[in-house]
Amino acid sequence: FQAPEIAAMPKPISLQLYSLRDQAKQDFPKVLKLVADIGYAGVEFAGLHGMKAADVKKVLDDLGLKPSGAHMPVFNPEKAQDVVADAKALGLGYVGGGFGPQDFETEDKIKAAAERVNAGCDNMAAAGLKVYYHNHWWEWEKPEKADLFFKLCPRVTIQLDIYWAQVAGQDPAKIVRKYADRLLLLHVKDGPCEKGKAHTAVGKGKVNTRAVIRAAEKTKYEWAIVELDSCDTDMVQAVRDSYSFLVGNKLASGRK
């Protein structure tokens with residue numbers, strides 16, 4: 001007798017606020033309310049748009065939103081104290097960042113980047129914070145580069161951007177399985193999977209989002225985070241449609 005496989009509970013859905021950066025520059029609290037009204041369970045920060053972290057946390061609490069992370073200058077030692085102070089004020093358990101294509105041009109540059117990550121992990125660990133790394137396409141164009149990088153900084157957890165991994169020619173579901181023990185967060189985006197082209201709402205592009213999330217459900221990852229860098233359609237509508245696709249297909253859980 002083989003027991004039937006029990007479907008994993010969908011992880012909560014968050015929005016990387018970079019997606020609505022233009023609107024956030026005008027009225028950040030209004031954007032946070034919009035995200036909450038759509039039904040998102042959390043938000044990931046990319047700047048606080050002139051607000052103090054403690055004031056942003058009050059808005060989150062009032063709206064019932066959870067902070068799912070923040071992209072901050074984690075790997076800049078001169079900014080460590082500011083990062084820790086903001087992270088604590090926002091109620092974060094982990095913070096992250098990434099590097100540019102120049103940092104993956106050679107093996108020596110990869111080693112230098114890994115050293116910066118290790119230093120960032122040290123600085124954040126002293127404050128009780130985890131660190132995650134967010135990829136783009138350049139880490140994965142040659143998988144051995146990413147493999148070397150993650151080998152050299154074994155304490156950093158991974159926020160896998162599934163779209164950029166596919167743009168690099170990789171199967172993001174395979175990466176999820178390979179790094180299952182280090183996967184912390186997913187960046188869920190979609191589009192034509194071509195460099196320089198605008199993204200689409202999740203579910204309307206070429207990424208097999210279902211396959212990636214089903215693979216991730218066998219790991220201990222914590223959030224499915226929608227991020228759209230650009231869209232040819234209305235960005236707010238794309239953010240809504242992404243929510244509807246992921247929650248409607250039980251690939252993530254929201255509040256509606």
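This is a predicted model: local features need pLDDT of at least 70, side-chain atom pairs count only at pLDDT 80 or more; totals for chains, interfaces and linings use all residues.
Which residue caps the N-terminal end of helix 10?

**Figure 1. Asp234 caps the N-terminal end of helix 10.** A side-chain oxygen of Asp234 lies 3.3 Å from the backbone nitrogen of Val236. Helix 10 covers residues 235-248, which makes 14 residues. At 1.5 Å a residue the helix should span 20 Å, and its end C-alpha atoms are 19 Å apart, so the two values agree. Just after helix 10, Lys250 takes a positive phi of about 55°.

**Figure 2. Several elements cover the buried residues of helix 10.** The buried residues of this helix are Met235, Val236, Ala238, Val239, Ser242, Tyr243, Phe245, Leu246 and Val247. An α-helix has 3.6 residues a turn, so residues three or four places apart point the same way. The cover includes strand 1 (13-16), strand 7 (183-188) and strand 8 (223-226). Helix 1 (21-26), helix 2 and helix 9 (209-216) are also included.

**Figure 3. Phe28 and Phe45 form an edge-to-face pair.** A search of the whole structure finds 17 aromatic pairs. A pair of aromatic rings is described by the distance of the centres and the angle of the planes. For Phe28 and Phe45 the ring centres are 6.5 Å apart and the planes stand at 75°, so the pair is edge-to-face. This pair links distant parts of the chain, as Phe28 is in helix 2 (residues 28-38) and Phe45 is in strand 2 (residues 42-45), 17 residues apart. Phe28 counts as buried because its relative accessibility is 3%. Phe45 also counts as buried, at 1% relative accessibility.

**Figure 4. Trp137 and Trp138 form an aromatic pair, edge-to-face.** The distance is 5.3 Å centre to centre, with 75° between the planes. At 22% relative accessibility, Trp137 counts as partly exposed, whereas Trp138, at 16%, counts as buried. The charged end of Lys195 sits over the ring of Trp137, 3.9 Å from the ring centre.

**Figure 5. One aromatic cluster contains eight named residues: Phe75, Phe99, Phe104, Tyr133, Trp140, Phe149, Phe150 and Tyr179.** Another view of an aromatic ring shows Tyr18. There, the charged end of Arg21 sits over the Tyr18 ring, 3.9 Å from its centre.

**Figure 6. Cys193 and Cys231 are too far from each other for a bond.** A disulfide is a covalent bond between the sulfur atoms of two cysteines. The search of the whole structure finds zero disulfides. Seen from Cys231, the closest cysteine sulfur is in Cys193. Cys193 counts as buried, at 15% relative accessibility. Cys231 counts as buried too, at 17%.

**Figure 7. The side chain of Asn118 reaches the backbone oxygen of Leu152.** The distance between them is 3.1 Å. Asn118 lies in helix 5 (residues 107-125). Is Asn118 buried or exposed? Its relative accessible area is 19%, and Asn118 is buried. Leaving aside neighbours within four places in sequence, Asn118 is in contact with Leu152, Cys153, Pro154 and Arg155.

Terms used: Residues are numbered from 1 along each chain as its sequence is written. Side-chain values use heavy atoms; hydrogens and water are left out. Rings of Phe, Tyr and Trp (its six-membered ring) pair if their centres lie within 6.5 Å; planes under 30 degrees apart count as stacked, over 60 as edge-to-face and the rest as tilted. Helices (H or I, at least four residues) and strands (E, at least two) are DSSP runs, numbered from the N terminus. Buried means under 20% relative accessible area, exposed over 50%, partly exposed in between (1.4 Å probe, protein chains only). A charge sits over a ring if NZ of Lys or CZ of Arg is within 6 Å of the ring centre and within 35 degrees of the ring normal. The expected span of a helix is 1.5 Å times one less than its number of residues. Contact means heavy atoms within 4.5 Å. A polar contact is a pair of N or O atoms within 3.5 Å; within protein, one must be able to donate a hydrogen and the other to accept it, and residues adjacent in sequence count only if both atoms are side-chain atoms. A disulfide is a pair of cysteine sulfur atoms within 2.5 Å.
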